[in-house]
Amino acid sequence: MCGQAPRAARGDTDSDHGSTIVTDERTDVLHSWCVQSQWDAPTIVGGRGAHLFAADGRDFLDMSSLAECSNLGHQHPRVVAAIREQAERLCFVTSAWGARPRAALARALLDRSGFDGGRVFFTLGGADANEHAVKFARQARGVADGLVVTRERSYHGATYACMAWSGDTRTNESPVADTRFVAHVPPPYAYRCPFGSSDADDCGRRAAAAVAAALDAHGVERCAAVLMEPNAGTNGIVAPDTYWPALRRATRERGVCLIADEIMSGFGRCGEWFAWQRHGEAGRPDLMTLAKGLTGAHLPLGAVVLSAAVAKRLENEMLNTGLTYCGHPLACAAGLAALAAYDDERLIERSRRLGAQMLERVTAMQARVPAIGDVRGGDGLFVVIELVRDRATREPPAAWPDTPPALRSLVARARDAGVSFATRGNLILLAPPLVIEENELADALALLERLLLELHADQRPSMPIFDDQQDIRHPRASGDPS
Ligand code: PLP
């Protein structure tokens, strides 16, 4: 985990692989999203349900599903068994040849999304799914260099093209991300509405209208796609309900492809298989991208699901793209087992029910904890808490995307108490596995409330809730919101 002061190098003894070797991940591995010299995290050697087990014997309740990806919890027995079984039969064949788990998973995804007559292109993860979705949209629209409209405060991946499309402070700073073919619009961020509206629904409508205006201003014939997260995202924006249907109308009227980036919001995270489904047919995109929950992160896998209309446009044209591991049989077998687990354990419904409960509890907590400015989400097991220095003025404790030291220390204290929370800037992102036990969820929220109140008490009366004398610049505080 990034963000804590460096400790002396620590070796872990790893005897799982035949011989006893000493590993020191802190010196040998280049880690993502952190200053290398500051990386300091426990080594995880096992897991079960919502728990992760560390090499030093500690047990952590995972309140973020790691990078909001382990929707099925850790080591789901059904997925592990399917991987084992497929490994014994056939580990790999390229997509130049057929593979049964690949065909079955494509069909299962088309069925669950209702994309009748569509097709599925498999990738290795989220970023390459977004890259391919845009490629397909451009090819279908016949504009090879077509513009992509995305929004500020969004994240679509860390390849160069995805960095350009993302509206994320972590990727915007890259001098080589090619921003010639992207237009960013303000986000549907109702708590701090960029359009000056104090009504959430109105803010959502205005944000969708800003997309329409961007398409018109750039010329619809030059635009290939609008790429957006429909609900959950690491930037902590949860669009008001008015946003997505209005976006769909605006893109359909203009003939521009709408791509739903469901990489985080899919597979029950927002209470549906795919978050756009909350809006029914009025929300159906032209393409959607998947990863993370697709296998519950047991193996790397991403996908682009294409509507029948987009697939038809590509049907008789050369598709000049591919990845060696497109539709890897092992990963597809994991995906199939994951889908069966979501179904049989009724985890999508469970997420909707527990998400509503979590929202209610955190909203009640807000009445007792002055540092909580806003609480949003809750369509499934995804709730964002936005902390403020002063609730009346909504003054943030740190300028986005910096994380206040008090929040980092809260996360460290929670981890000492056996619970792992993810944060980003002034936000706490609650996204536990959909299999979390109800009492575990209640206990974790009670701990969070206690720590937030202690934070407040610790700093009274001489200090404000958040002390700005300390250094607050750090790209990421905790958890794994990638
Ligand atoms: N899109 C969204 C909405 C994401 O949250 C992420 C990762 O967090 C990505 C894309 C990138 O996925 P990956 O890290 O698998 O490339």
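User: Which order do the strands of the 4-strand open sheet take?
Analyst: The order is β13-β14-β17-β16, with antiparallel pairing, where two strands pair if DSSP finds at least two bridges between them. The edge strands, each pairing on one side only, are β13 (372-377) and β16 (422-424). This is a predicted model, in which local features need pLDDT of at least 70 and side-chain atom pairs count only at pLDDT 80 or more, whereas totals for chains, interfaces and linings use all residues. Residues are numbered from 1 along each chain as its sequence is written.

User: And how do you number the helices and strands?
Analyst: Both are DSSP runs numbered from the N terminus, helices being H or I with at least four residues and strands being E with at least two.

User: How many bridges link β14 and β17?
Analyst: Strand β14 (residues 383-387) pairs with strand β17 (residues 427-430) over 4 bridges in the antiparallel sense, and the bridge partner of glutamate 386 is leucine 427 in β17.

User: Which helix packs on that sheet?
Analyst: Helix α12 (residues 347-368) does, touching β13, β14 and β17, where contact requires the C-beta atoms of two residues, placed from the backbone, to lie within 7 Å. The direction of α12 makes about 170 degrees with that of β13; axes are lines fitted to C-alpha atoms, for helices over the stretch in contact, and angles run from 0 to 180 degrees between N-to-C directions.

User: Switching over, what is the strand order in the open sheet of 7 strands?
Analyst: That sheet runs β6-β12-β11-β10-β9-β7-β8 with mixed pairing, and its edge strands, β6 (119-123) and β8 (182-185), each pair on one side only. Neighbouring strands in this sheet are turned by 20 degrees against each other on average, with direction ignored.

User: How does β7 run relative to β8, parallel or antiparallel?
Analyst: Strand β7 (residues 147-151) and β8 run parallel and are joined by 4 bridges, with valine 148 standing opposite valine 182 in β8. Helix α8 packs on this sheet and touches β7, β8 and β9 (223-228), its direction making about 150 degrees with that of β8.

User: How do the axes of α8 and α9 cross?
Analyst: The axes of α8 (residues 200-218) and α9 (residues 243-254) come within 8 Å and cross at roughly 20 degrees. The two helices are therefore roughly parallel to each other, given that angles under 35 degrees count as roughly parallel, over 145 as roughly antiparallel, 65 to 115 as roughly perpendicular and the rest as oblique.

User: What about α4 and α11, at what angle do they pack?
Analyst: Helix α4 (residues 100-113) and helix α11 (residues 329-344) pack at about 40 degrees with their axes 8 Å apart, and they are therefore oblique to each other. The crossing of α4 past α11 is left-handed. Contact residues include Leu105 and Ala108 of α4, together with Cys332 and Leu336 of α11.

User: And which way does α3 lie against α11, parallel or antiparallel?
Analyst: Helix α3 (residues 77-89) packs against α11 at about 150 degrees, again with axes 8 Å apart, which makes α3 roughly antiparallel to α11.

User: How many residues surround the ligand?
Analyst: The ligand is surrounded by 16 residues, of which the closest are Gly125, Gly126, Ala127, Gly157 and Ile263; a residue is near a molecule if its C-beta atom, placed from the backbone, lies within 6 Å of it. Helix α5 (residues 126-141) gives the most to this shell, with 3 residues, and by class the shell has 6 nonpolar, 8 polar and 2 charged residues.

User: Last one, which peptide bond is cis?
Analyst: The bond from tryptophan 400 to proline 401 is cis, with omega near 10 degrees, and proline 401 sits in the loop between β14 and α13 (405-416).

Note on methods: Nonpolar A, V, L, I, M, F, W, Y, C, P; charged D, E, K, R; others polar. Left-handed = near helix turned anticlockwise from the far one by under 90°.
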